[in-house]
Amino acid sequence: MSIETIDADEVPIEEVLGSAVKRREDPSLITGRAEYTDDIQRPNMLHMAATRSPYGHAKVGDIDTSEAEAMDGVEAVFTAADFDVPGEIPVGWLLESLRTPPHPILASERVRYQGDAVAVVVADSRAVAADAAQAVDVEYEQLDAVTSPGDALAEGAPTLHDEDDGNVAFEWELGDAEKTSAAFEDADEIVDIDLVNQLLISNPMEPRATVAEYDAGSDDLRVHMTSQNPHLHRLLMSGVIDHPEQKLHVRAPDVGGGFGAKIHHYADEALTALCARELERPVKWVATRTEGFQTDAPGRGHETSARMALDADGHITGFEVDTKANLGAYLSTFAPAVPTYLYGTLLSGQYDIPAIHVEVTGAFTNVPPVDAYRGAGRPEASYLVERIVTQAARQIGEDPAEFRRKNFVDSDDFPYQTEVAVEYDSGDYEKTLDAALDAIDYDAFREEQELAREDGKYLGIGLSAYIEACGLAPSELAGQLGAQAGLWESSLVRVHQSGTVTAYVGTSGHGQGHATTFSQIVADELGIPYDDVEIVEGDTDEVPQGMGTYGSRSAAVGGSALVESARKIVEKSREIVAHQLEADAEDVEFDHGTFHVAGAPEQSVGIQEVAGAAYLAHDLPDDMEPGLEATSFYDPDNFVFPFGLHAAIVSVDPDSGEIEVERYVAVDDVGNQINPKIVEGQIHGGVAQGIGQALYEGAQYDENGTLLTGSLQDYTVPKAEQIPELETESTVTPCPHNPLGVKGVGEAGTIAAPQAVVNAVTDALQPFGVDDIEMPLTEERVWRAVEEAK
Ligand code: MCN
C-alpha cells in the first residue's frame, strides 16, 4: 500500500514531524531548475580530460605529449612530473597490519587498473580536450593481471606493489577463535558455505564532475563537485594538492545520486583543482559514462568460506568466517573500513550466537580502488548470514521461518552485546517476522507451492531477516577500529529577527530529501512553520563543519545535531520570556512555538516574537548576548540498528533459467519515521538495487584486467518492469539513544534484498537439489545449476 503525500501547509505544526509531507526539493528537480556541476558555466573556462591506461596492469615508459600540446585549443598537458605537490591520495582508515602503498593522482611508472590516469589535458572545449587526451602517446609494457581476491592471494599471483610482499593489504580478525573452535568440536551439526559477493558499480545517474576556480589575488580555490561530503573532501584535498584548508572551498551543488561512490577522494577532482590553480582559469571536468564504469570505486567483491555449528535442538552455537576482500589497485579513502568495521561487526545478524570468529584478508588486485556501494559491508554480512541460516534450516529439515524465530535475539534481551564488538540497542525481530509472514500469507504459499510443483511450475519463497548498523558514528568505536576521522555531525540553527529560520547541517544530501525531513525536524522542535525553515548543507563556506552523508547517518546523527541546536534556542528563548514576564525560567513552559508561564496560558509569547526581541536587544536579561542561534556537535553513543524481514516469492523456469519475482514484501523497522513517504521511497530504491545485485548486476573483468561490462549495454541495471510492485510495511521500535528515536533507512533495502531473492530461487529449485547459485542469477547460471544438479 503506497503512502499518500500531503502539502505541508495542510499539516498542523504539532503533526509535521512524522507526516508524509511532499518533498520540497522535487519541483526544482523535475522542472529542470536544479543546478548540477555540469550546469556551471564560467567565462574563460577550460575543460580537462584524462589520458587513461587501456591496460589493467602495465609498466609505463615514455610519455610523449608533443602532439597533444600542438593541437589547436589545447592550453596545457600535465603528467605526474609537472605537479610539485604531494599528489598522493591518503587513506582515512588505518588497521594495524595495513600496507599503504603510494596512490599517486597520476601514474608515472606503472598503471595498475584500466582507467588509471597518466596525463591530463586542458583545452578550450571538452571535445578538444578529449581528442588531445587520446593523442598523448604513452609507451606501455603490459604485465600479468589479477582481478579477484582469491586469485590475488594465491601462490605465484602477479603482484601489484612491493613485489616481496605479495598482494596482502591487511589481515584482520574479530571475535573469539578459541571459543568458536570449541563450539565446532561440540557441534551436533555443521553447515558449510562458500560464496561470492560480486563487485558492483554504483552508476549514479549524474557522473562525477568538478568545476574549479582559482583567485590568485586571494589564493582562494573554489571547487564545485558532486560530493557526498564536501568538508571531508576539503580536508583531504588540501593535503593532496597542498592548499591551505581555509583557502579551499568545496561546494556540492545538486547531486544526481551517489550510492557511496561520491564519498571518496579521487584523483580527477584534485587534478581539476590543480589545473585551475596552475593556469589561473576556471576548469571543468565531467566523467563520461565509460570513465565512471572504469574509475568510480566499485563496491563488495568478497569471497567467503564459512561454517555454522548447531546443537541437537537446532540452536546456533558457533559461526566461523574466512573472507577474502577485493581492495582493488590502491587503497581507496575508507576501503579498509568496509570489509572490517562495517562487515565483521554485523555477523551475528538477528541471532543470539554465543561464539563467532571472523578473519578477513584484504587483497590488492587490478581493478579500480574498491570502496563503499550502498550498504558497504553490511550487505555482505547480511547476505552471508541469511544464506547460511537458510542452508542450516534445510540441512536439519526445519522450516526457515521457525529456524530463524528460535535463534533470534529475544526482544527482552536488549541491549544485546554481540560477540563481534557491537551492542544492539533495541529490536523486536519476531514482530517483523510475523508481520511479513502474515503479509505474504506464508502457510497458504507453501500449499500453493506444492500444488504448483505438481503442475511443473517451480515457485519459491526466500526470507531475509536483516539487521544493519548505521548512523555512523560512534567516533569512539570507529577510532578503536581504525578511523582517522570523527563521526559526529554538526549543526547551526539561526532564527532570524523576522522569525524565520536557516538551519545549517554538515550532512550533504544527494537524493534523500534532507531539505524536507530536516525542515520537519526544525519546525517541530521550534514550533515555527515548516515553510519558514530553510536547510543549508553541502557547502564548506556556509556550513561551519560536517562529516557528510553515507552510512545512513544523516537522520540519526545530522537530525539529532539539529535537534540539539534547536533545543538550545528554546532554552535561551525561555530565559528571554521569563525576563519579559518577570517569571522564573523553570516556570516558563514551551509548547510548539509558544511560551507561557505555568498556570497562565492566556499570556503567551511566540518564539518568533522572542527572536525579534533577541536581536533588538533593548531588554534582555543581564549578561545575555543578543541574537538567537546555536551550534552543536552531536556524537552518538552507539550506532542505530534498523532491522526487518523481507520476503520474496519467485517463479523459476528450470528449462530456460528465467526468474520472475512475483511478490516482494518488505517489513522494516527504522524507529520513528520523520517522513513515512521518504522512508518508503528509500526502501523502494534500495530494494531495486538489491534485486539488481541478485539478478542482473556484476562487474566482470577478463584475465588482463579489461572491464567487460563497461557500459550500460553490458552492465545490466534493473529496469522498472523488472521490479515487482513492492509491498511495504513497518513496525516502530524507537532508537533509545538519540533524541528523535530514529534509525537510518537509506541502505536497508539494498542490504535486505539480495538474499531474499537468492533464497527464494534455491527454494524453488529444491526438487532439483540446487542450494547455491552465484549472483547475479543470470538465466545461464540458473540453467547450468539445474543441469549440473540433475
Ligand atoms: N528518514 C526518515 N525517518 C527515519 C530515517 C530516515 O524520514 N527513521 C529520512 C531522512 O531524514 C532522510 C532519508 O530518510 O531524508 C534517508 O535518511 P538516512 O537513512 O539517514 O540516510 P542518509 O540521508 O544519510 O543517506 C545515505 C544513504 C546511503 S548511505 C546511500 S548509499 C544512499 C541512500 O542514502 N544513496 C542514495 N539513499 C539514496 N537515495 C538517493 N536518491 N540517491 C542516493 O545516492
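Helix 15 covers residues 554-581 and helix 16 covers residues 607-616, and the two pack at about 80 degrees with their axes 10 Å apart. (Axes are lines fitted to C-alpha atoms, for helices over the stretch in contact, and angles run from 0 to 180 degrees between N-to-C directions.) Helix 15 brings Ile-569, Ser-573, Ile-576, Val-577 and Gln-580 to the contact, and helix 16 brings Ile-607, Val-610, Ala-613 and Ala-614; contact here means heavy atoms within 4.5 Å. Sorted by class, this contact has 7 nonpolar, 2 polar and no charged residues. (Ala, Val, Leu, Ile, Met, Phe, Trp, Tyr, Cys and Pro count as nonpolar, Asp, Glu, Lys and Arg as charged, and the others, Gly among them, as polar.)

A word on the model itself: it is predicted, so local features need pLDDT of at least 70 and side-chain atom pairs count only at pLDDT 80 or more, whereas totals for chains, interfaces and linings use all residues. Residues are numbered from 1 along each chain as its sequence is written, and side-chain values use heavy atoms, with hydrogens and water left out. Helices (H or I, at least four residues) and strands (E, at least two) are DSSP runs, numbered from the N terminus.

Helix 9 (residues 378-395) and helix 10 pack at about 110 degrees, with axes 9 Å apart, so this pair is roughly perpendicular too. On the helix 9 side, Glu-386, Val-389, Thr-390, Ala-392 and Ala-393 meet Pro-400, Phe-403 and Arg-404 of helix 10. That contact has 5 nonpolar, 1 polar and 2 charged residues.

Next come helix 17 (residues 676-695) and helix 18 (residues 748-764), whose axes come within 7 Å and cross at roughly 40 degrees. That angle makes helix 17 oblique to helix 18. The crossing is right-handed. The tally is 10 nonpolar, 6 polar and no charged residues.

As for the ligand, 32 residues surround it, the closest being Gln-512, His-514, Ser-554, Gln-682 and Val-745; a residue counts if one of its heavy atoms lies within 4 Å. Backbone polar atoms also feature. One from Val-745 is 2.6 Å from a ligand oxygen, and one from Arg-553 is 3.1 Å from a ligand oxygen. A ligand nitrogen is 3.2 Å from a polar backbone atom of Ile-674.

Finally, the backbone. Most residues other than glycine have a negative phi, and most peptide bonds are trans. Phe-259, not a glycine, has a positive phi of about 55 degrees, and is found in the loop between strand 11 (248-251) and helix 7 (267-279). A cis peptide bond with omega of about -5 degrees joins Phe-414 and Pro-415, and Pro-415 lies in the loop between helix 10 (400-407) and strand 16 (416-417). Met-775 and Pro-776 are also joined by a cis peptide bond, with omega about -5 degrees; Pro-776 is in the loop between helix 18 and helix 19 (779-789).

Key
Parallel < 35°, antiparallel > 145°, perpendicular 65-115°, else oblique. Left-handed = near helix turned anticlockwise from the far one by under 90°. Polar contact = N/O pair within 3.5 Å; in protein donor to acceptor, adjacent residues only side chain to side chain.
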